[in-house]
Amino acid sequence: MESRLPKPSAIKRPMPPNKPILPTDRIKANSSTFNATTGGSSNQTLPPLTRNLQNLPQVLARHGGKCELRQSIQNTVDFPNAARAASPEPGKPFSNFPNRTKLRRSRSASDVTEMRLNLKRAGAPTLSTIPTKFTRNVTAAVPGAGSGRIGARPVSIPSKRPVAVAPVPTVPASTRAPRAAVAATSKGKPVAGTTAPGAAKHIAKYDFKARFYDLLEKHKALRAKMDKQLEEMAELEGLPMQLEETQNKLIEIESKLKNTMTDKECLQRQVKQHTNKIETITSSLGRAKDELNQLKHTHQNIKTEHESLSVEVLELRERTENLMRNNKQLATDLAVCREQLFQSNMDRKDLHNTVMDLRGNIRVFCRVRPPLDVEQSRMVCSWTYHDEATVELQSIDGQAKNKIGQQVFNFDQVFHPNTNQREVFEMVAPLIQSALDGYNICIFAYGQTGSGKTYTMDGVSDNVGVIPRTVDLLFDSIKNYRNLGWEYELKATFLEIYNEVLYDLLSNEQKEMEIRMVKNSVKNDIYVSNITEETVRDPEHLRELMHLAKMNRATAATAGNERSSRSHAVTKLELIGHHAEKQETCVGSINLVDLAGSESPKTSTRMTETKNINRSLSELTNVILALLQKQDHIPYRNSKLTHLLMPSLGGNSKTLMFINVAPFQDCFQESVKSLRFAASVNSCKLAKAKRNRYLNSSSIANNSSCEK
Ligand SMILES: Nc1ncnc2c1ncn2[C@@H]1O[C@H](COP(=O)(O)OP(=O)(O)OP(=O)(O)O)[C@@H](O)[C@H]1O
């Protein structure tokens, strides 16, 4: 190793100093020299060599890196070796030095100072004077110290190897060796045990031996210190890396921590949300549990009910099976019964119509109306009702009585003034039944004006007559016939014959209406052209139609009636029945005729009208008589009325004629006239009956022979 000792040329003869150089002066000089070398200010002192690792990088940087420092230290440490090499050993002169004088001179205080300066210039850090005895590692770390990179974080040094804090560079006064001690060593030999530990030795400048030993000691101390520092350096060298790693780890951990914190916040929020959800779900769950309990309860009830119902169902099934078996049997029986019923109904129809036939195709009912309250002053004839079919009329006027005499009339039925509408209709109803069986029925009321024809046929609102009751009966019968498989359709037309002209009572239009024959008809069926035909839905509907027809009918005041019907009103109901199963159809019709009242020309104010009425009534009489007498020619076409009633009067029709008479004396002549006409009709029909009656009264045995 190269010696750092100054060259001998630089060694000057030491001059006796005016002022003794103290160790403190040397330290001050070192400091100032160091500052001058490093360019620091004069006031700046070299930081003490401490084991505080925080300022180590600064120091390293200031002195050009760790390697230089180490080298410097090494050089410093090696200096005693050089000195040793140059030092004179006892008995062996220094070969490297020319002489001891020079050596002494080079070992002067100023030379040492110069040497130290050289060392400093070489970059070695100034080391403080090593006390003989120094305090070992009082603290492991200096508070507040640390590198800039680490920040304020203290770095703890393992206590195993405590770092001694270098005390201040200057030797405290208390540690300075007393002059006595220095004096003790002034003889050139160190006095063992005489130097107080930590006290600086005072060695005379010329006592090179003492100084040599002193330096040796220093060298030892420095060597030991260097070893320690080297060890510490070795340890410290790894610290920045560790520090950097730790910092990186720390940064990483910080970022992780940040992330973790963020995650934690997120998780906390989620936890909060989930907590809320859980609360909601918990409350829902509670409600659901309640509902479930209720449902369980309901379920239990239903289950119990179901069980009981199941038992019932089983019973019912059993019963149903029995009933189905019975039903099957009954269905078979029903089919048989239906067939029987159908046949029975057909038989009944036949029998009914046979009875009707036996009663005669034209039946005559006589009805005597009562006097009205307003007619109490009018004289009433003497009426005697012998039985339900015989009436006797007697004039209370003596002249008339003598002239006409006692009048007894026989009819199919006689209704006295007290007979009500229901009783009258009961006698009419069987004939209506024939219409449902496919027959043509004609019911008309004949009589003097004011005799009660309209009352009998239409009635009044609170006491309806034959036509409304017929409708009610028809709809009732249709309902019953529906059970037997028959479906009926009911159509209605309303017309009036006034002065031999046809008028549609359901329409106010002026239109041409004619009675025409149905083409290719065997039965001489007729129809009226341009007439309004309504399909009747129910009885109420028909009443509405009747009311409309009544409003359109021609009426006028007559001597016998304030609101006399001056026309013939014909209400035609057509019944079309169909049996789908049997594929049978039957068509029947009912002509309900309210004739205009016959009037004496003497009392009539409208002669043409009266003539037409009387003529048509006369023609009706002729037709009926011709039919009864079975004449070859029936004069149907002599009047519109007979022409219209042709299908109903002839053929398979059944005719019912009401003879209405007023009870008054002033109507006596007209009443007798009407009764005679009706009686003649009845007598014609009853000619056989009369004979039969006769046979019946004489002998039952003759009855059968008569029928033959
Ligand atoms: N059986 C009866 N019971 C009570 N009142 C009756 C009866 N018959 C007829 N009347 C009343 O006698 C009056 C005349 O009767 P209605 O108008 O029916 O006679 P009509 O024969 O139709 O007369 P016309 O031919 O002039 O029209 C009416 O007020 C009617 O209410």
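Two strands count as paired if DSSP finds at least two bridges between them. With that in hand, here are some close-ups of this predicted model.

**View 1. An open sheet of 3 strands.** The strands line up in the order E2-E3-E4, and their pairing is antiparallel. Strand E2 (382-387) and strand E4 (407-410) form the edges, each pairing on one side only. From one strand to the next, the twist averages 20°.

**View 2. Where E3 meets E4.** Here we look at strand E3 (residues 390-394), which is joined to E4 by 4 bridges, with the two strands running antiparallel.

**View 3. A "binding site" taken from UniProt.** The unreviewed UniProt entry lists Gly447, Gln448, Thr449, Gly450, Ser451, Gly452, Lys453 and Thr454 under this heading. Two of these residues get a view of their own below.

**View 4. Glycine 452 in its loop.** This glycine 452 sits in the loop between strand E6 (440-447) and helix H10 (453-457). Glycine 452 counts as buried because 24 C-beta neighbours lie inside 10 Å, and the cut-off for buried is 20 or more. Beyond its neighbours within four places in sequence, glycine 452 is in contact with Arg367, Arg369 and Asn660.

**View 5. Lysine 453 in helix H10.** Helix H10 is where you will find lysine 453. With 29 other C-beta atoms within 10 Å, lysine 453 is buried. Setting aside neighbours within four places in sequence, its contacts are Ala445, Gly447, Asp594, Leu595, Gly597 and Asn660. Look out for Asn660, which is in contact with glycine 452 and also with lysine 453.

Key. Residues numbered from 1 in each chain as written. Predicted model: local features only at pLDDT ≥ 70, side-chain atom pairs only at ≥ 80, totals over all residues. Axes fitted to C-alpha atoms, helices over the stretch in contact; angles between N-to-C directions. UniProt positions renumbered as here; feature names shortened; annotations may be inferred. Buried ≥ 20, exposed ≤ 12 C-beta atoms within 10 Å, placed from the backbone. Contact = placed C-beta atoms within 7 Å.
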